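The following exercises concern the model displayed below.

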Amino acid sequence: MMMIHVKSNNSLRYHVYHMVTLFYPASQIQYLDGDDKENGDIEVFVSGEVLRIKFFEEEESLAYPDETLNIMRRALFKRLRSRTGKHLPWGILIGIRPSKIVRELIEKGYSKECIVKEMTAEYLADEDKILLAYEVALKESEILLSVNIEDSCDLYIGMPFCPSRCVYCSFASNVYLGNQYKDRYLALLKREMQQISEYLTEHKITVQHLYFGGGTPTAVSDEEFEEVMESIDALFLSVHPIREFTVEAGRVDSITAKKLQSMKNHHTTRISINPQSMKDETLRIIGRNHNREKVLSVFKMAREMGFDNINMDLILGLPGESFMDVKNTLADLEMLRPESITVHGLAIKRASILYEDFILEKKYQLPQQEEMNRMYAETDQCARKMGLKPYYMYRQKNMVGNHENVGYAREGFENYYNMVMIEEVKTIIAMGADGVTKKVKDGKIQRFANFKGLNDYTERFEEMMEKKLQFLQKE
């Protein structure tokens with residue numbers, strides 16, 4: 001494997017590194033100290049208002065007024081694109097919310113044509129991606145008008161258990177069966193909900209949207225799931241004017257008729273049934289204990305029990321998946337006709353098994369850039385064919401193909417919680433292990449993180465809750 005040696009001013013190191021990692025895996029990049037005598041393949045240095053880029057055998061100097069980073073990013077990106085032949089549709093954009101940039105331009109009075117021209121020139125982004133962000137920005141602006149900001153918050157409840165751990169997962173997810181912390185965790189989660197409920201009542205704060213995620217909320221037993229759902233209902237659903245309650249049922253190998261009935265009994269308005277892929281071999285590789293037929297049967301059971309707002313997640317870029325595999329998965333989704341789908345690009349996180357297996361041991365083959373581009377185009381086309389339109393989007397670091405995550409929904413079936421969470425327009429109080437509360441006031445965001453590990457959450461619960469309530473009450 002050929003190593004790429006990179007040098008720069010220390011002040012540019014972060015930005016140069018991120019441009020290079022768009023085109024080369026981190027394991028192939030060696031960053032040299034700026035004063036290292038060894039020559040770099042790529043060198044980026046600034047002196048005064050002059051930018052010098054040495055790119056393999058070529059060298060060029062550019063005007064660099066006011067240390068405008070995008071000048072450097074564009075110059076380096078173009079050279080990397082030419083050398084590797086990779087077409088990255090978002091150009092130099094590495095931020096998580098491209099639709100926010102577009103929305104700000106709309107608010108300044110820019111036309112759609114001007115926004116495309118501006119972002120093409122500034123970020124080297126493709127027109128179709130800019131238009132996608134534009135469409136999302138318009139929908140977000142429309143829907144967020146109905147979100148109550150004053151004296152209101154949204155809630156997140158986390159269940160950090162799963163039937164097994166997926167290879168790409170970096171969240172607080174622990175195998176449920178035989179877990180030594182399970183009983184105490186469930187008891188403390190209900191105590192946290194009780195204390196947050198009391199806080200909301202005392203401070204006259206209402207709740208609009210509630211999301212029960214994980215992990216996998218349905219990973220626990222039918223009886224344990226019902227107990228948690230009863231608590232959610234009594235403490236929040238029966239007290240507040242909640243218009244949306246999502247349960248991320250998620251893994252079909254943990255969904256039962258009793259759990260679905262519990263969701264119905266406790267006013268669930270939206271559920272997720274997440275196959276990620278409908279290819280049996282892929283499901284085996286990523287650590288799922290089910291197959292395509294199980295997805296079809298669980299979806300049918302949910303429909304027969306009266307669920308009329310079902311979301312399905314899929315991941316593009318999974319190990320061993322081809323363009324045709326994605327087409328076959330999309331064909332199944334077309335047949336099932338969920339009210340919404342959420343399309344994720346595979347993100348290789350350091351805390352995941354996939355990082356170890358793919359980055360360190362090279363066990364899996366991931367799709368190449370051109371194939372990823374085709375997968376995204378096909379998915380967008382299929383979603384629109386199903387009558388689903390994009391309504392929220394965000395991006396992550398280390399995504400295969402450097403694309404985006406995007407939610408598509410039928411009109412009236414958009415997920416408010418996701419939009420509020422991504423756009424950070426109001427306070428979200430998160431309960432459970434690894435939950436991060438975001439307090440939003442006057443445009444400023446403050447965060448409080450619950451303990452991530454089950455040992456800390458269960459053993460230091462009182463300490464955590466004392467600090468959390470102080471955080472919430474502090475002006």
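**Exercise 1.** State where Leu124 is placed, and determine whether Leu124 is buried or exposed.

Solution. Step 1: Leu124 belongs to the loop between helix 4 and helix 5; helices (H or I, at least four residues) and strands (E, at least two) are DSSP runs, numbered from the N terminus. Step 2: its phi is positive, about 60°, although Leu124 is not a glycine. Most residues other than glycine have a negative phi, and most peptide bonds are trans. Step 3: Leu124 has a relative accessible area of 14% and is therefore buried (buried means under 20% relative accessible area, exposed over 50%, partly exposed in between, with a 1.4 Å probe and protein chains only).

The model is predicted: local features need pLDDT of at least 70 and side-chain atom pairs count only at pLDDT 80 or more, while totals for chains, interfaces and linings use all residues. Residues are numbered from 1 along each chain as its sequence is written, and side-chain values use heavy atoms, with hydrogens and water left out.

**Exercise 2.** Describe the span of helix 5 and its crossing with helix 14.

Solution. Step 1: helix 5 (residues 127-144) has 18 residues and reaches 25 Å from its first C-alpha to its last, close to the 26 Å expected; the expected span is 1.5 Å times one less than the number of residues. Step 2: the buried residues of helix 5 include Leu132, Val136 and Ile143. Step 3: the axes of helix 5 and helix 14 come within 11 Å and cross at roughly 105°. Axes are lines fitted to C-alpha atoms, for helices over the stretch in contact, and angles run from 0 to 180 degrees between N-to-C directions. Step 4: the two helices, helix 5 and helix 14, are therefore roughly perpendicular (65 to 115 degrees; under 35 counts as roughly parallel, over 145 as roughly antiparallel, the rest as oblique). Step 5: Glu140, Ile143 and Leu144 of helix 5 make the contact with Tyr416, Met419, Val420 and Glu423 of helix 14, where contact means heavy atoms within 4.5 Å.

**Exercise 3.** Identify the pairing partners of strand 15 and decide whether its residues are buried or exposed.

Solution. Step 1: strand 13 (residues 340-345) and strand 15 pair in the antiparallel sense over 4 bridges; two strands pair if DSSP finds at least two bridges between them. Ser340 stands opposite Ala409 of strand 15. Step 2: strand 14 (residues 389-394) and strand 15 pair in the antiparallel sense over 5 bridges, and Tyr394 has Asn405 of strand 15 as its bridge partner. Step 3: in strand 15 (residues 405-409), 5 of its 5 residues are buried. Step 4: Asn405, Gly407 and Ala409 point one way, and Val406 and Tyr408 the other way.
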